[in-house]
Amino acid sequence: MKKMYLGKLVLHWCPQCNLPVLGETCACGCSTQKVNITPPGDIRPAFNYDIDYINNTAIEMFGAPLIATGKIAILNKVPSDDRMEEIIVDGAALANIRFVIESKKWVLLTRMEGAVRLFPGKDKRSKWVMIDASAVGPISGGASTLAPGVIDADPEIVPGDEVVVEGKKSGNPEVYLIEKIIARRIITIKMPTDKQYLSHLKENTKIHNGDAQVLALASELYGIALLDDEEARGMAEIEGIEHHGTIYLLLRMKKMGLLTKEETIDGLNEMLHKGWRCSTELYAEILKKLTI
Ligand SMILES: [Zn+2]
């Protein structure tokens with residue numbers, strides 16, 4: 001039986017207490033703000049269990065949790081074939097979370113409000129326009145910001161607003177570097193064509209999608225697969241695909257004279273600092289190779 005509502009169920013939020021309120025006035029005496037939610041408005045509080053699976057999904061998909069510790073979240077059931085709920089935090093709908101029956105997995109469909117929280121650094125600012133790294137140079141030199149260079153922007157911007165233009169930022173400095181070397185065609189992006197072989201590789205569920213594609217492409221081009229993942233390297237062995245890791249690249253660049261000994265050691269230490277692990281024997285062996 002469908003649920004029935006007597007009149008409209010309208011969710012409000014108290015800006016003072018940062019709490020959900022059903023009426024137009026909060027217990028603190030403040031006027032509340034109406035929260036725009038997807039009708040009909042079948043709301044419930046999110047329990048720890050809900051927050052856990054939402055944050056786990058966000059971490060898996062975007063590398064960061066959606067709901068900060070201690071925040072109160074409201075879930076609004078959204079009419080859909082699958083189970084889907086709208087996630088409301090701080091008086092705003094951040095995202096929908098949907099359970100996809102075929103994959104038996106939760107998928108987060110973020111709104112701008114949610115995206116801002118997933119990519120921290122922008123959340124406390126407003127009127128921002130995010131531009132692509134390739135547009136930073138010309139704009140710094142006085143060029144106008146044109147639509148093709150804009151990646152993202154504050155949804156509150158209205159014509160005539162002053163805005164803050166930001167260059168693309170990322171926790172990983174290599175993202176910026178990789179973009180530059182793709183732009184200069186030092187490396188190009190190529191997809192494997194043998195889909196059958198790709199799906200054969202993907203039968204091993206421990207192999208990440210990206211690694212499976214690298215393996216398939218290396219096999220097609222009789223090339224070398226660059227892999228750091230243990231499972232993927234094992235798979236390369238089984239499939240007879242030549243493979244190396246990041247250390248190989250570092251040492252090879254050193255051998256080619258592209259890196260000094262100090263830069264190579266710095267690179268190695270940076271990798272260790274970011275969580276790459278190797279045995280002390282391997283570390284000693286690498287250092288020994290460096291001195292030759
Ligand atoms: Zn209040």
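Is Cys17 buried, partly exposed or exposed? Select Cys17: with a relative accessible area of 32%, Cys17 is partly exposed (buried is under 20%, exposed over 50%, partly exposed in between, with a 1.4 Å probe and protein chains only). Cys14, in contrast, is buried at 0%.

This is a predicted model, in which local features need pLDDT of at least 70 and side-chain atom pairs count only at pLDDT 80 or more, while totals for chains, interfaces and linings use all residues. Residues are numbered from 1 along each chain as its sequence is written, and side-chain values use heavy atoms, without hydrogens and water.

Now show the zinc ion. The SG atoms of Cys14, Cys17, Cys26 and Cys28 coordinate the zinc ion at 2.2 to 2.4 Å (donors are N, O and S atoms within 2.8 Å of the metal, or 3.2 Å for Na, K and Ca). The angles among the 4 donor atoms are 106 to 116°, and the site is tetrahedral (four donors with all angles between 85 and 135 degrees). Along the chain the donor spacing is C-x2-C-x8-C-x1-C.

Next, select Asn96 in strand β7, residues 92-100 (strands are DSSP runs of E, at least two residues; helices are runs of H or I, at least four). Asn96 is buried, at 11% relative accessibility. Its contacts (heavy atoms within 4.5 Å) include Val78, Met84 and Leu109.

Finally, go to helix α9, residues 261-273. Thr264, Leu268 and Met271 are buried there, and α8 and α10 are among what covers the buried residues of α9. On the other side of α9, Glu262, Asp266 and His273 are exposed. Gly275, which follows α9, has a positive phi near 110°.

Notes
Four donors count as tetrahedral if all angles lie between 85 and 135 degrees; four count as square planar and six as octahedral if opposite donors are over 155 degrees apart and all others between 65 and 115; anything else is irregular. The expected span of a helix is 1.5 Å times one less than its number of residues. Lists of a residue's contacts leave out its neighbours within four places in sequence.
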